[in-house]
Structure formats: structure tokens, C-alpha cells
Amino acid sequence: PIVLSQPYSIRSIAHYGDNLVVSLFDPSQSRGAGIVQVYDLTTGALRFSLTQPGDSTTSFGHTVKIEDNVIAVASGGGISDDGSVYLYNAADGALLRTIENPAVDEVQSFASDIDVSSGRVIVSARRQFQGTALVFNVSDGSLLTEFLVPGQGWDSAQTYPAWYTPSVELAGDKAYVGAGLINVPFEGSETTYSVAAGKVFEFDVPTSQLNRTWTNPDSGTMIF
């Protein structure tokens, strides 16, 4: 068994090869900032710990992912624009680079979810209350492409349905974006909103084309 070195609550885990990445909530830090620990799955030993560079002012480590020699740690990603993604060398914990919100005036909830695969990192966000996913190059941090979730965003009166993007995943050259449709009243209600009308979108990363869409087969009774 692996015995955690800190008595904190686990909020995200990921593993690849012999590495287990564990994100822990640290109640002593402001705004939910945490600590990320990397363990050797073979021996159970703690290899190293990661903390947010600079001041711990956002929810560092609310999501962690690892593939090959890269650990991706999400920080922030709430209703504000101050989310970031930190990329670390999985061999020694060295910070490789930080990916910041490229358009703070237009993109909100940056880094609400992340994934890393095949030299790319995908970052969930919202653009004017419409779900979006941005794909960056791990090697230099450049923005490669953006997948805006098809659908209607809110107008100024917030009367139209809006997609938000709670989940993203990369698999080779494919990107999967899960989005729930909010601002849709339940039957018989004008004030209670449903996320049952969710969809999953498959995009091709090299071409940025939408390949397929999966919809809720039973939106009347099942959250999707």
C-alpha cells in the first residue's frame, strides 16, 4: 500500500508507468491551494512533491494528469479568469513551463479540466458562456487549435441555452469534449435548469474538424 505523507483529502489522481500522481487538498492554504505528490508505484515511496509556483492563491492541483514524461497540474478554473496549467518533468519534478489563459478578456473558467497526451495538453474553458477546449503544444506552450462547442451561447439577457465544458480528454489525434446544456428549464418549471441535455463531441486535432457527436439517449430521466 501507498501511505500518503500528508493527512489531506485526495481530490485527483492519475498514473502512468510506475508513477502515481496524487493531488491533495491543503486546508491551511487560501482558496483551496493544494499539494501534488508523486509516488513510485513499485515501492510505494514518495518521489517528490509539487506546490504552486509563487503565491498559493488558487486551487492548485484540482485536476492532475500524466503521460510519458509530463505531469500536467491545473490551477484555478473557477468562475474567474485566473486559471493556469503547470507542466512538470515526471522524472524529477522540474517545472517545464506554465500555460496561461491566452485571452483573459474573452475566455473564462480556464483550466476547469485538462488532459495531456502525445505532446499536447487540452484545456477546458468557456468563451462568453459557450464551452470551448484549447489545445497547446507541450514542448513550447504554443496554442495549436481551439474547439468551440457547437451551440448557442447566452445573449445579454441570458435567455438562450448555453453550453459549458466540464470535461476534456485526448486520445492520440482525437479530442473528446463533454458539454452539458444549461439554462434549459425542467418540464413545468421556468426557474430550475437541467444539464440532462448533455453531449460529447469528438474533434480531430490536426484538422480541427468535428467528427462525431454523442447525445443523451434518455434526456428526460438521465443526466448526461
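View 1. Buried means under 20% relative accessible area, exposed over 50%, partly exposed in between (1.4 Å probe, protein chains only). Strands (E, at least two residues) and helices (H or I, at least four) are DSSP runs, numbered from the N terminus. In soluble globular proteins, nonpolar side chains tend to be buried together.

The model is predicted: local features need pLDDT of at least 70, side-chain atom pairs count only at pLDDT 80 or more, and totals for chains, interfaces and linings use all residues. Numbering starts from 1 along each chain as its sequence is written, and side-chain values use heavy atoms, with hydrogens and water left out.

**View 2. Surroundings of Val123.** Neighbours within four places in sequence are left aside. Val123 is then in contact (heavy atoms within 4.5 Å) with Val85, Phe110, Ala111, Asp113, Ile114, Thr132, Ala133, Leu134 and Phe136.

**View 3. Strand β6 is covered on both faces**. Val70, Ala72 and Ala74 line up on one side. Ile71, Val73 and Ser75 take the other.

**View 4. β6 pairs with β5 and with β7**. Two strands pair if DSSP finds at least two bridges between them. Strand β5 (residues 63–67) runs antiparallel to β6, joined by 5 bridges. Ile66 has Ile71 as its bridge partner in β6. The two strands form a hairpin with 2 residues between them. In the turn, Asp68 has a positive phi of about 50°. Strand β7 (residues 84–89) is also antiparallel to β6, over 6 bridges. Here Val70 is partnered by Asn89 of β7.

**View 5. Aromatic pairs, 5 by count**. Rings of Phe, Tyr and Trp (its six-membered ring) pair if their centres lie within 6.5 Å; planes under 30 degrees apart count as stacked, over 60 as edge-to-face and the rest as tilted. Phe147 and Phe203 are stacked, 4.5 Å centre to centre with 15° between the planes. Phe147 lies in β13 (residues 143–148) and Phe203 in β18 (residues 199–204), so the pair ties together parts 56 residues apart in sequence. Both Phe147 and Phe203 are buried. Ring pairs link Phe147, Phe201 and Phe203 into a cluster.
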